Amino acid sequence: MGQPSVPPPTLAPPLQSPAASLPGGTGCQVRCAGCRMILAVGPGLTEFVCPTCQLPQMLPPELMRAPPRTVPAHGIDPTKIQLPCAHCKAILNVPHGLSRFACPQCGVDLAIDLSKFQHFFPPPSRPPPPPEEVNEVAIEVEREEDEGGLVGETFTDYRPPKISIGPPHPDPIVETSSLSAVQPPEPTYDLSVKDELESSNGLSCLQIETLVYACQRHLQHLQNGARAGFFIGDGAGVGKGRTIAGLIWENWHRGRRKALWISVGSDLKFDARRDLDDVNAMCIEVHALNKLPYSKLDSKSVGVREGVVFMTYNSLIASSEKGRSRLQQLVQWCGPEYDGLLIFDECHKAKNLVPEAGGQPTRTGEAVLEIQARLPEARVIYCSATGASEPRNLGYMVRLGLWGAGTCFSNFHEFLGALEKGGVGALELVAMEMKARGMYVCRTLSYKGVEFEVVEAPLEAQMTEMYKKAAEFWAELRVELLSASAVLSTEKPNSSQLWRLYWANHQRFFRHMCMSAKVPAVVRLATKALMENKCVVIGLQSTGEARTEEAVTKYGLELDDFISGPRELLLKFVEENYPLPEKPESLPGEESVKELQRKRHLATPGVSFKGRVRKVAKWRAASDAESEEESETDSGNESTESDDEFQICEICSSEEERKKLLKCSCCGQLVHPACLVPPVVDAVAVDWSCHSCKEKTDEYLHAKQAYEAELLKRYEGAMERKSKILEIIRSLDLPNNPLDDIIDQLGGPDKVAEITGRRGMLVRASGGKGVTYQARNTKDVTMEMVNMHEKQLFMDGKKLVAIISEAGSAGVSLQADRRAVNQKRRVHLTLELPWSADRAIQQFGRTHRSNQASAPEYRLLFTNLGGERRFASIVAKRLESLGALTQGDRRAGPSLSAYNYDSAYGKRALMVMYRGIMEQDALPVLPPGCSSDKPDTVQEFMVKGKAALVSVGIVRDTSWGNGKDSGKLSGRIVDSDMHDVGRFLNRLLGLPPEIQNRLFELFVSILELLIQNARVEGHFDSGIVDMKANIIEQQGTPKTVHVDRMSGASTVLFTFTLDRGITWESASVLLEEKQKDGLGSPVDGFFESKREWLGRRHFLLAFEGSTSGLYKIVRPAVGEALREMPLAELKDKYRRISALEKARSGWEDEYEVSSKQCMHGPKCKIGSFCTVGRRLQEVNILGGLILPVWGTIEKALAKQARQSHKRLRVVRIETTTENQRIVGLLIPNAAVESVLQDLAWVQDIDD
């Protein structure tokens, strides 16, 4: 990045003026119309966008006028010096350089002392300064400094720092190291049950610590008058249930005899009962709300006067048929002055109260908010290991007082905005702040001994072929559906529904395929674990029960083989959604022509058909043949007199006896048989019709028959195509349902415990041929208890493999419990990762809990298909922020961050890739499998990539080019798809493995490039960063800059001095040790830069790192660099020094100079504030409470010149003398004064 190109902006001008010019004509400073920040506007700019609030604006008119031109006074020549004559005082224009002359007015000789007028003369024209040299080494060092130090130990052992009541916890407990850098407030609350707990050993010391801080917090009120709440964020298995029981028991002793306990499942009521018994609270009754009527709880009929009302989140939003709600019932039971406990256990159920754009808040979230509002004095406890995997999910925790009255965020949206802008580091600070203010505890079971491994299960050859064919089939099916839809005229209304279903099934199908692809790996890993005398837990999300039940209904209880989930899913989709034209009604074979003619001729609107039939004889057809004279005949008589005897022939108009005339059964005409052409001589049928009627009827019938035949042909053609597709699906080689397959391959239901939500399963027949569907339970075990029964068989060691699904395993403990018979080490395989990190952590918490004989091994399985990482990426994103918020350190969760693609950088990478493939921009990286020497390989990749994107519906409106673009495929990608990483990764699944992986690799390499560039520019948010140096000492007394009124916690500014350098002696020892071990490479040694900067070269020590070809770099001024340097770069920029004496003098010289100045030399633009390559450095860190002063700090940092200084950076520093650890915001030295000025008051802290 090098030197910043702009000077640091000066301090803001006095606030009266709307704007002020910057020195040197470099533009001006104005106050932003939106966020009121002072902005420096460059010269010549009139329109600009505020970098803080993104508001577009323009300079005020008075600043846009051209500067007034100074017109010289009359008679004065601006190119000369104006001097008065010493004699007559006339003003003379004296040319530069003239020292003796006579006054033209009075003739006196004058002389000038040039030394006194030096400042009038323009400086002699010097050649322009050479362009500033860019110090490459300084850029390198600055880049390393901006990336921050290595992240240290993530967890530290936990013991309550200020409370020593109670026995130690039965298992090692840890806290993230960033949280451990914060001390909770002093405990002042005196427990009523202290003596009882000490004697009974019912709770451990850290559970008692939670009791003290929660009760202490409940004595405080927020500024809006509501009682303050407490958040228990302990991890799975630490014993939150027993802690809650302890809180209920303490409040019971204080006379608060009612409590509300809301949890996720009604069977956890038994756990609540057990926990209360464990703390000797046997006298407190637990009432299950779902077993009680909707009437008043304290009425005589119900009789709940006191105790714990236990309910689920679902019952909280339930209501009776008469409209009476549970929430109303609970509020009535508690009463308006209620000050007892309101416990939200597993409170992550209330998340999504503040949904992302376009979503709706969940009813559960709204109910949780409402009950808190209606019981303002209730003592609220939020309790969950995964309470807030994303800052927006904190929305329901209104009693923590992080936003609202008395804080610097007026509402939750402002708080959320600040957190999202501050990135992961900001989330870590919030967790630390909550602990410092005494509203939060978060300890977790030590992950010591737990092994996390991401296992890539490559597709086997048969599976690859199967997958390829399936991908091709889906692409063909899409084309078939497009053409089938195009034929239908009524296609529009249902088309969007069809494609929604198509893509949903497409995703489900390939997710199924990915699961099935991992079955061989699961079976292999499970068998290996069993041989090593361990036992196995396999985690999945979906059991495929719906597909199985459909198939059993369709084919019967006995089948040849297990059901193939993907096949059944495809069959169902095509059967139900293939677009068919309407089936035509059957042709009128039986319907008489007469009836048809009647229908045709008599169907005039307004008269019923029956009415027309009755009047048919007297009806006159208003036909074209009717002449004017006929219409003038007296037709009035026809309706009254009986005209049976005589009628008029329509052709000859002569009157004739009725029986001698023929009557057309269709139009009712009466004619002489002889008047017809040809004349009728034979007897005629009763339903005789005249020639014109007959002709019209035949024509109509022919047309109708032709039309219906065409419809039928079209319908039958579509049916034929549909049955062909179904036939192809049945013939496709597709995998079986993974769950049944694994159980079968691991020895059947006798060897495998199944803890899932499904009711029945397919079991291989005893002869080995065919499978039978049977219920999971037996005569002795009810369906409700079947999972508990299976769990017991596993814990007793009668079955050594357990398969758990999310539906069946909520709250189940499968750890190697010291009280259980089966204490073998658990190997937990995730066949399918859950959709969200909260669920992933809940699933991991099944096998890692308190009181275990050994920690589990986790194996997270992915296939080598690019698209499948989609599922990992979502979970990785959640795990990353989950670790951050609920544990103060985002590295706390298992490491999956390599798979996080759905980020801001991921969205940008996707857009760059799409634009590259559509040939709108050049690709920044070479596509995988292509060579820069062979441009045709790149072109070939582009064609394949574009065709692939067309086949999965990302490129739309495609057409083939003509003219110079002949043979080129063109199309467009809609804007919403341009940034939709989720859709890209989903659709990617439906491509053949080869192109799928190449597209995915291209996406990842662009993403890595963008992240690398962000690091270089100092924009990348890497969470908490460790500051490392050989000597770190605190300087002077810390300054308190803010104190929290409620908890007494404060914000403190610490100043540290760091010595980062490495002496020549230490560097020589380092090199000797490398060479002595025999691990060194021939390149190892001291190097000097090939170029000079400011008259000196830079020195370094390089030795081969952990990876061959990469070298660790140690510099005299800043010690060991984070980045390892490739050998090619090392040889390009530096040369090895063989003479040790030369290396020594250069090293010591650089060591000495770097103590006083930065690498940019004495004329550095930032001056003494610059730290690049400076060995002795002063660092200012703002520790303690940060949220109250957030806005002030943001404002001060926005004014900084260096890009990396504008970002909020959370750092951790530990002094080398007293080992004091501080975590806080790094304040650049140039910003310290501004921060202190803006904060209300400052005072020194007494030691």
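1. The β22-β29-β28 sheet. In this predicted model, three strands in the order β22-β29-β28 form an open sheet with antiparallel pairing. Strands here are DSSP runs of E of at least two residues, helices are runs of H or I of at least four residues, and both are numbered from the N terminus. Two strands count as paired if DSSP finds at least two bridges between them. β22 (558-559) and β28 (760-764) stand at the edges with a single partner strand each, so one side of each has no neighbour in the sheet. Two bridges join β22 to β29 (residues 771-775) in the antiparallel sense, and Glu558 stands opposite Thr772 in β29.

2. Basis of the values. Residues are numbered from 1 along each chain as its sequence is written, and side-chain values use heavy atoms, with hydrogens and water left out. Because the model is predicted, local features need pLDDT of at least 70 and side-chain atom pairs count only at pLDDT 80 or more, whereas totals for chains, interfaces and linings use all residues.

3. Strand β31 and its partners. β31 (residues 826-830) runs parallel to β21 (residues 535-540), to which five bridges join it; in this pairing Val536 stands opposite Val827. Four bridges join β31 to β32 (residues 857-863), again in parallel, and Leu829 stands opposite Arg859 in β32. Five of the five residues of β31 are buried, where buried means under 20% relative accessible area, exposed over 50%, and partly exposed in between (1.4 Å probe, protein chains only). In a regular strand the side chains alternate between the two faces of the sheet. Arg826, His828 and Thr830 point one way from β31, Val827 and Leu829 point the other way, and all are buried.

4. Helix α5. The 14 residues of α5 (residues 240-253) should span 20 Å at 1.5 Å a residue, and the end C-alpha atoms are 20 Å apart, which agrees. The expected span is 1.5 Å times one less than the number of residues. Just after α5, Gly255 adopts a positive phi of about 90 degrees.

5. Nonpolar cores. A nonpolar core is a set of buried Ala, Val, Leu, Ile, Met, Phe, Trp, Tyr and Cys residues joined through side-chain atoms within 4.5 Å. The largest has 75 residues, of which Leu260, Phe344 and Phe415 touch the most other members. Helix α10 (residues 412-436) gives the most to this core, with 13 residues. Beyond its neighbours within four places in sequence, Phe415 is in contact with Leu394, Leu402, Trp403, Phe409, Val430 and Leu1187, contact being heavy atoms within 4.5 Å. Apart from this core lies another, of 69 residues, which includes Leu477, Val574, Ala948 and Val1004.

6. Cysteines. A search of the whole structure finds zero disulfides, a disulfide being a pair of cysteine sulfur atoms within 2.5 Å. For Cys106, the closest cysteine sulfur is that of Cys103, at 3.8 Å, which is too far for a bond. Cys106 is partly exposed, at 29% relative accessibility, whereas Cys514 is buried, at 1%.

7. Salt bridges. The count comes to 44 salt bridges, each defined as a side-chain nitrogen of Lys or Arg within 4 Å of a carboxyl oxygen of Asp or Glu. Arg1096 pairs with Asp1149, with the closest N and O atoms 2.5 Å apart. Arg1096 lies in the loop between β39 (1085-1089) and β40 (1099-1104) and Asp1149 in helix α31 (residues 1140-1153), so the pair ties together parts that are 53 residues apart in sequence. Arg1096 is partly exposed at 31%, and Asp1149 is partly exposed at 37%.

8. Further charged pairs. Arg915 and Asp921 meet in a salt bridge at 2.7 Å, N to O; Arg915 is partly exposed at 29% and Asp921 is partly exposed at 40%. Glu1120 forms a salt bridge with Lys1112, with the closest N and O atoms 3.4 Å apart. A network of salt bridges links Lys528, Glu532, Lys534, Arg825, Glu857 and Arg859; of these, Glu857 and Arg859 fall within the range given for β32 (residues 857-863).
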